[in-house]
Amino acid sequence: MLTKKAFKQRALALGATVCGVGSLNEFKNEIPQRDPKKILPNAKCIIGFGFSVPKGIYKALEGGAQSYTYTTLGVKYLDEEFAEIFLLKIGALIENEGYDACLQKSIPNLRIQGDKTTNPEVLDTYELIHAEAVEAGKPVPDVMIDFGKAAKSCGIGQQGLSGKILNRQHGPFMRYCFIISDIPFEPDEILPEDIHICDNCGECIKTCSGHAIGPNGLDTWQCAVYYKGAHRSNPFMTESFLKGDPEQEAVLNGEKRFNSTEARKIFKQMDFLPNTQWGYAPCLCGKKCDLACYRHLQQQAEKGGKA
């Protein structure tokens with residue numbers, strides 16, 4: 001019989017930094033397109049895994065020494081190759097016991113019908129606007145769970161002001177994947193409702209060169225433009241970028257506001273570095289928000305705070 005303890009030990013041995021088991025109560029009021037039970041109706045739990053991104057990758061990005069390393073190793077490899085192999089191996093443990101393991105990895109370039117946000121890490125995203133339910137009572141495909149709610153349910157993270165999932169030890173320097181299963185694992189304890197990893201310190205707001213983060217959270221289209229390098233702090237910025245455009249200075253200073261239409265228009269002019277062949281965009285903002293967040297959490301931990 002596979003115990004939760006043995007399963008977690010195996011998950012860590014296969015490369016997970018953290019592993020947690022959550023109940024599905026966090027999703028009880030979720031829309032059908034985000035509901036784990038629409039994926040596996042007899043599901044009894046959701047299991048979450050986090051993989052830490054080496055801090056040195058962020059420091060190389062911050063110092064301007066490397067840009068592709070974060071994109072390739074810190075994002076693409078962890079979310080795609082590593083997570084896929086990991087999920088297949090750890091999921092097999094569950095299925096070998098006679099239970100179902102519905103593997104859930106990041107789908108970076110797709111959005112459920114009605115979701116108008118984007119993912120700054122990829123060249124562009126596609127909303128499934130033409131999808132239709134296969135029959136009455138079924139959700140419009142694809143069903144994609146909310147990773148922030150899933151991480152909270154599993155006790156391995158909470159979504160912060162910047163939109164990133166924050167782990168108590170590793171802050172925003174983590175990538176996640178999940179398994180929806182009918183295996184009868186007891187849920188782990190989650191953080192009490194009055195404990196928040198993100199204390200709304202606002203450091204991410206202060207450091208975002210594109211002013212994409214505000215008191216109400218992240219503007220993903222604004223973030224996408226400046227993640228891809230529209231600010232003058234981009235080390236690959238050229239004098240010809242937007243030359244002659246009356247809004248050049250506003251864009252370079254991070255003062256221009258972008259919606260989806262305007263963002264997609266300027267994307268075509270942002271060829272500072274070759275895009276990867278996998279559909280991911282080089283990160284040219286330095287991830288200042290994540291670095292500021294992590295340092296704040298470290299400071300709070302040193303003071304004996306909650307981080």
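## Cysteines and their surroundings

Cys-289 counts as buried, because its relative accessibility is 15% and the limit for a buried residue is 20%. The structure shown is a predicted model. Cys-289 takes part in no disulfide, and the nearest cysteine sulfur, that of Cys-285, lies 6.1 Å away. Cys-208 is likewise in no disulfide; for this residue the nearest cysteine sulfur belongs to Cys-223, at 6.3 Å. Cys-208 is buried, with a relative accessible area of 15%. In the structure as a whole there are 0 disulfides.

|---|---|---|---|
| Cys-208 | 15% | Cys-223 | 6.3 Å |
| Cys-289 | 15% | Cys-285 | 6.1 Å |

Ser-209 sits in the loop between helix H6 (203-207) and strand S9 (213-214). At 14% relative accessibility, Ser-209 counts as buried. Setting aside residues up to four places away in sequence, Ser-209 touches His-231, Ser-233, Asn-253, Gly-254 and Lys-288.

## Overall form

The secondary structure of the protein comprises 10 helices and 10 strands. The C-alpha trace spans about 65 × 55 × 35 Å along its principal axes. A compact globule of 307 residues would have a radius of gyration near 19 Å, and the value for the protein, 20 Å, agrees with this. Of the 307 residues, 50% count as buried. Among contacts between residues at least 6 apart in sequence, 73% join residues at least 24 apart.

## The four-stranded sheet

An open sheet is formed by 4 strands in the order S1-S2-S8-S3, with antiparallel pairing. Strands S1 and S3 (101-104) stand at the edges, each with a single partner strand, so one side of each has no neighbour in the sheet. From one strand to the next the twist averages 20 degrees. In general, the strands of a sheet pair through backbone hydrogen bonds, in a parallel or an antiparallel manner.

S1 and S2 pair in the antiparallel sense over 5 bridges. Within this pairing, Gly-22 stands opposite Ile-46 in S2, and Cys-19 stands opposite Phe-49 in S2. The bridge partner of Phe-49 in S8 is Cys-177, while that of Phe-51 is Arg-175.

Both S1 and S2 are mostly covered. In S1, 5 of the 5 residues are buried. Val-18, Gly-20 and Gly-22 point one way from this strand, Cys-19 and Val-21 point the other way, and all are buried. In S2, 7 of the 8 residues are buried, so this strand is largely enclosed by the rest of the structure.

Helix H4 lies across S2, S3 and S8 and runs at about 25 degrees to S8. Helix H5 (residues 147-154) touches S1, S2, S3 and S8, and its direction makes about 75 degrees with that of S8.

In soluble globular proteins, nonpolar side chains tend to be buried together. The largest nonpolar core here has 35 residues, of which Phe-7, Ile-47, Phe-49, Tyr-70, Phe-86, Ile-179 and Phe-185 touch the most other members. Two or more residues of this core come from each of helix H1 (4-13), strand S1 (18-22), strand S2 (45-52), helix H3 (55-62), helix H4 (68-95), strand S8 (174-181) and helix H10 (288-302). H4 gives the largest share, 8 residues.

Which residues surround Ile-47, leaving aside its neighbours within four places in sequence? Ile-47 is in contact with Phe-7, Cys-19, Gly-20, Val-21, Ile-94, Cys-154, Cys-177, Phe-178, Ile-179, Ile-183 and Phe-185.

Key
Residues numbered from 1 in each chain as written. Predicted model: local features only at pLDDT ≥ 70, side-chain atom pairs only at ≥ 80, totals over all residues. Heavy atoms only, no water. Core = buried A, V, L, I, M, F, W, Y, C linked by side-chain atoms within 4.5 Å. Buried < 20%, exposed > 50% of the residue type's maximum accessible area, 1.4 Å probe, protein only. Contact = heavy atoms within 4.5 Å. Pairing = 2+ DSSP bridges. Axes fitted to C-alpha atoms, helices over the stretch in contact; angles between N-to-C directions. Disulfide = S-S within 2.5 Å. Rg over C-alpha atoms; globule rule 2.2 N^0.38 Å.
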